[in-house]
Amino acid sequence: MAERCICIHGHFYQPPRENAWLEAIEVQDSAYPYHDWNARITAECYAANAASRILDDQGRIVQIVNNYAKMSFNFGPTLLAWMEEHAPEVYQAVLAADAQSREHFAGHGSALAQAYNHIILPLANRRDQYTQVYWGIRDFEYRFGRKPEGMWLPETAVNLETLQILAELDIRFTILSPYQARRVRAIGDENWEDVSTGTIDPTMAYSLQLAPDRNMVLFFYDGPISHAVAFERLLRSGELFAKRLLGGFADERVRPQLVHIATDGETYGHHQRFGDMALAYALDYIESNQLAQLTNYGAYLAQHPPTHEVEIFENSSWSCAHGIERWKSDCGCRAGRHPDWNQAWRAPLRQTLDWLRDTLAPAYAERIRQVLKEPWEARNDYIGILLDRAPDNYEQFWSQHVVRSLDATEKIHVLKLLEMQRQTMLMYTSCGWFFDELSGLETVQVIQYAGRALQLATELFGDSLEEPFLERLQEAKSNISAHADGRRIYEKFVQPAVLDLNKVAAHYAISSLFEDYPQQAAIFCFAAAQKGYQKTEAGKTKVAVGRAAITSRITLESAVFHFGVVHLGDHNVACGILADVDEKCHQGLLRDLFQSFNTGDFAEVLQVLDKYFEGSIYSLKSLFRDEQRKIFHLILETAVIEAETTYRNLYENHLPLMRFLKGSGSPIPKALYMAGEVVINSALRREFSREELDHQAIQSLLEEADRTDIALDADTLEYALRHQLERLAELLAERPEQFERLEKLAAGIQLVYALPFDVQLRKVQDRHYQLGQSRLPEFKKKAARGDTGASRWVKRFQALSEKLLIRME
């Protein structure tokens, strides 16, 4: 029988969600109980696939595997950058999987590169296409330590120019939808076969001739199987999934065959719960039963070069039946939740951004040519600084590109120009057009990137382009009357987010009243250096005066600010900020503000601030969202405690009545029921967050909730207890020989079985499984030699294994 190979490709990607000024994702309430959607999807999908479960017929874990090592995959560069900082363990597992795959697949890694921030390449000009591909390659090399063989094209959107750029940059292959192939023929034949209705044979590689001496290898994934994985719930069973893949082979083919599929990687765990486990089972089922050979694209291509050539439909993609219209017109492709909405906004949005790009590009080139050798080569190499902002990388960049020595001000100017260009590419991230509504999160995000580019342009060139930009954006109409159009959306959601160094200084000053900053502090992508600080308090009121140097770690722009800030209780905060003033003025502020504060004359305190800062006054509204939430929580803590005390008194005083009403079948009055909800859920949340779990107190609260039918806030409570159990598992992993730690974790897991809601124990199981592999054999040997302590440890560990549904052989 001819060789049969299987390759499963996952396209793992999230759009960049970072605030364009902070370079960080702010809290996203829709992702609750997680901080943001990246964090939530990482937990549900990316981490799950790095440690996926294979179960026995009793539902117990028999193996935990890294799916990435046995599949083909690509991760968006901006997502990997986020993971490197916020999910380092998962990030390292992805890198390790590529290294393992090189050992498994004859030196060919399973990771593919991706064009940098997922723009629709055929809709970009050639210059931007080149930078996107180049940045994607450089990012890949930085992370994976090798050159990529293949590259994933965003939305598989393609034209010949895009493929020529890939070939110029030594990319050997990419993956397309079968519906993107137009016609094929055997190499050397004259007659073409029409495959324009998706009928191309997907079990081989194809060559597309780009020039007499240049070609690109194309793989066209199996459309029906890919569709079944993504939309037909094929992942409900790992065995069914494996058999469907095996059904892609045909006995009549007497040549080597590659059955391969491609879907969004998020299908495996986020879109479809437990999809990662179906994937793990299918890979193991195929490999352990020797039903086919698992491979990746690079390994298969090395053994089986193309025997056929292909022509494609240019300006086509995998997610729009109309080519690439979804990202520039109201073509009818939509998410479908609001069938009465239109997407006519897509065209004016793209036209507006094109105008901004084409207006800024020549200004950028003209200005930067004064100090750098070549504008667009400099932009390409800017990726080196984006990947690592170490001083040496800046120096390397200057040495390669400057035409003369630059002073600090000129370097800041150049970095702003380069940042402006980065923002004009980020604003084309494809998700901005994919969904149904102009005011959606993803679309507002790309408009925000445009807003940052506009701000930089004003700082660099003087005249503001914001009004002509908004005149054009106004033509994009929202489906929601309250949002009206693009101008209104920009004014509501983008303008309030605009930052400068003054606002960062205000954030620093206000938050300094509520947390102690070190001399050198990081505030998102800014650095704050304290130059002097004095604070005093009286009851619930506080006042501080100080100086701080605020520096952007992106553009290196810096300024020293002098500030005075006062908290008069509750939400009443006032802060004055000015660029550094002379010492006499600063000492005057210090004297007058503290004197007024110490006499308790708060009206005069505010007058002093107005006098010294000439109306440059900021409030709690000036804080960045995460810090604002944290400070609101501190301010509200007393009020919340008072409210909970009131509810507790109400609940406890009427508890016998509530029990009686339930027992008699009568409804409990809503006011009493709500009081019970607040009291029980608040108490449980506190208990789950304590360093030492009080099992008796928790059990009493659960019983009381059951007796009075109190609804538990499952999302909040599950998240709190989960993190507590993960902490206990980490402590045990650090010192497994401490039996007390094992006992505490076992008691915590026993508690899970008493809850009326499920608790996600994935990380706890991961740590336990790792201990079973690394330390259990050692303890077993000691127990066999008569060590009673080891024997007790093994017995308890195995009992915990049963509770965690892990089969330890």
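Phe 563 is buried, its relative accessible area being 1%, where buried means under 20% relative accessible area, exposed over 50% and partly exposed in between, with a 1.4 Å probe and protein chains only. This is a predicted model, in which local features need pLDDT of at least 70 and side-chain atom pairs count only at pLDDT 80 or more, while totals for chains, interfaces and linings use all residues. Residues are numbered from 1 along each chain as its sequence is written, and side-chain values use heavy atoms, with hydrogens and water left out.

The structure holds 30 aromatic pairs, a pair being two rings of Phe, Tyr or Trp (its six-membered ring) with centres within 6.5 Å, counted as stacked if the planes are under 30 degrees apart, edge-to-face if over 60 and tilted otherwise. In one of them, the ring centres of Tyr 364 and Trp 376 lie 5.0 Å apart with the planes at 50°, so this pair is tilted. The pair links distant parts of the chain, since Tyr 364 belongs to helix H10 (residues 346-368) and Trp 376 to helix H11 (residues 375-381), 12 residues apart; helices (H or I, at least four residues) and strands (E, at least two) are DSSP runs numbered from the N terminus. Both Tyr 364 and Trp 376 are buried.

Phe 563 forms an edge-to-face pair with Tyr 508, at 6.1 Å centre to centre and 80° between the planes. Here too distant parts of the chain are linked, with Tyr 508 in helix H19 (residues 501-511) and Phe 563 in strand S18 (residues 558-567), 55 residues apart. Tyr 508 counts as buried at 0% relative accessibility. Elsewhere, ring pairs link Phe 12, Tyr 46, Tyr 68, Phe 73 and Phe 75 into a cluster.

Charges also meet rings: Arg 127 lies over the face of Trp 376, at 4.0 Å from the ring centre, and the charged end of Lys 782 sits over the ring of Phe 779, 5.6 Å from its centre. The criterion is that NZ of Lys or CZ of Arg be within 6 Å of the ring centre and within 35 degrees of the ring normal.

Helix H16 (residues 441-461) has 21 residues and reaches 30 Å from its first C-alpha to its last, close to the 30 Å expected at 1.5 Å a residue. Gly 462, with a positive phi near 95°, follows H16.

Strand S19 (residues 573-579) is joined to S20 by 2 bridges, the two running antiparallel, and Cys 575 stands opposite Tyr 618 in S20. In strand S17 (residues 541-552) lies Arg 547, which counts as buried at 12% relative accessibility.

The cysteines form 0 disulfides, a disulfide being a pair of cysteine sulfur atoms within 2.5 Å. Cys 575 is buried, at a relative accessible area of 0%, and its sulfur is 15 Å from the closest cysteine sulfur, in Cys 585, too far for a bond. Cys 431, buried at 11%, has its closest cysteine sulfur in Cys 320, at 14 Å, which is likewise too far for a bond.

Terms used:
Pairing = 2+ DSSP bridges. Expected span 1.5 Å × (residues − 1).
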